[in-house]
Amino acid sequence: MKLLEDRIRRDGIVRDGDVLKVDSFLNHQMDIALFSEMGREFERLFHGCGVNKILTIEASGIGVACVTAQYFGCPVVFAKKSKTSNLPDDLYSARVRSFTHNRTFDIVVSRSFLGPEDRVLIIDDFLANGEALTGLIDIVRQAGAALVGAGICIEKAFQPGGDRIRSTGVRVESLARIRSMSAENGIEFC
Ligand code: 5GP
């Protein structure tokens, strides 16, 4: 999606450790006009797939998931990062290793909000090693829901998550796919 690629080129900052900072329009301050275009594009890509629920993960997936949900006319459920490992059994849970914080935590979703009647589109801001997405897919499977696919704003295609998850048969659509990035040479898209 050219609009997003141009914005990443203009305002993205490449940090050590393969981290792209996009705080000025995606992860901290949010450009809602851009989110709206991304939501419209996700709807175009998954049009006619019967999506009736969007699943994301707190915190940075929530904004774009909510704007996208307006195009699908469906609710958003976000997986919470659990502070306790004593999880009640009215929750689905999965273990996720955080790319940006380098630690492991449990994500949880109430059984009340996801079930076999749902056709789920997962939305997230980044795809790197695929840990967050794998955890969310696991939760969809636990719920017995149908997984329509995943819509990702920025995929760092030089990291293994996207290829690994696509190889399991899951449809992953990324609006911007970064082939390489460095502070010296800038950002190159696929
Ligand atoms: P993964 O689980 O695929 O390794 O990483 C995805 C999650 O880590 C996303 O939900 C996102 O919050 C965070 N993340 C991964 N890479 C980056 C990055 O380069 N920049 C930012 N801002 N977040 C990232």
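This is a predicted model: local features need pLDDT of at least 70, side-chain atom pairs count only at pLDDT 80 or more; totals for chains, interfaces and linings use all residues.

Author: The strands concerned are β5 and β6, the latter spanning residues 104-110, and they pair in the antiparallel sense over seven bridges. Helix α1, residues 2-11, packs on the sheet. This helix touches β8 (146-156), β9 (172-182) and β10, and its direction makes about 165° with that of β10. Helix α3, residues 32-45, also packs on the sheet. Its contacts are with β7 (119-127), β8 and β9, and the direction of α3 makes about 125° with that of β9.

The sheet itself is open and has eight strands, in the order β5-β6-β4-β3-β7-β8-β9-β10, with mixed pairing. At the edges stand β5 (91-97) and β10 (186-189); each has a single partner strand, so one side of each is left without a neighbour in the sheet. On average, and with direction ignored, neighbouring strands are turned by 30° against each other.

Both senses of pairing can be followed through β4. Strand β4 (residues 76-81) runs antiparallel to β6, and two bridges join them. Within this pairing, Lys-81 stands opposite Ile-107 in β6. Strand β3, residues 53-57, runs parallel to β4, and four bridges join the two. Here Thr-56 stands opposite Phe-78 in β4.

The charged pairs may now be considered. Side chains of opposite charge can pair when their charged atoms come close. A search of the whole structure finds 14 salt bridges, and one of them joins the side chains of Glu-155 and Arg-177, with an N to O distance of 3.2 Å. Glu-155 lies in strand β8 and Arg-177 in strand β9, so this pair ties together parts that are 22 residues apart in sequence. Arg-177, by contrast, is partly exposed, with a relative accessible area of 27%.

Another salt bridge is formed by Glu-173 with Arg-171, where the closest N and O atoms are 2.9 Å apart. Glu-173 has a relative accessible area of 21% and is partly exposed. Arg-171 is likewise partly exposed, its relative accessible area being 30%.

The side chains of Asp-11 and Arg-10 meet in a salt bridge at 3.2 Å, N to O. Asp-11 is partly exposed, with a relative accessible area of 23%. Arg-10 has 62% relative accessibility and so counts as exposed, for which the limit is over 50%. These two residues, together with Arg-7 and Asp-31, are linked in a network of salt bridges.

Conventions. Residues are numbered from 1 along each chain as its sequence is written. Side-chain values use heavy atoms; hydrogens and water are left out. Two strands pair if DSSP finds at least two bridges between them. Axes are lines fitted to C-alpha atoms, for helices over the stretch in contact, and angles run from 0 to 180 degrees between N-to-C directions. Contact means heavy atoms within 4.5 Å. A salt bridge is a side-chain nitrogen of Lys or Arg within 4 Å of a carboxyl oxygen of Asp or Glu. Buried means under 20% relative accessible area, exposed over 50%, partly exposed in between (1.4 Å probe, protein chains only).
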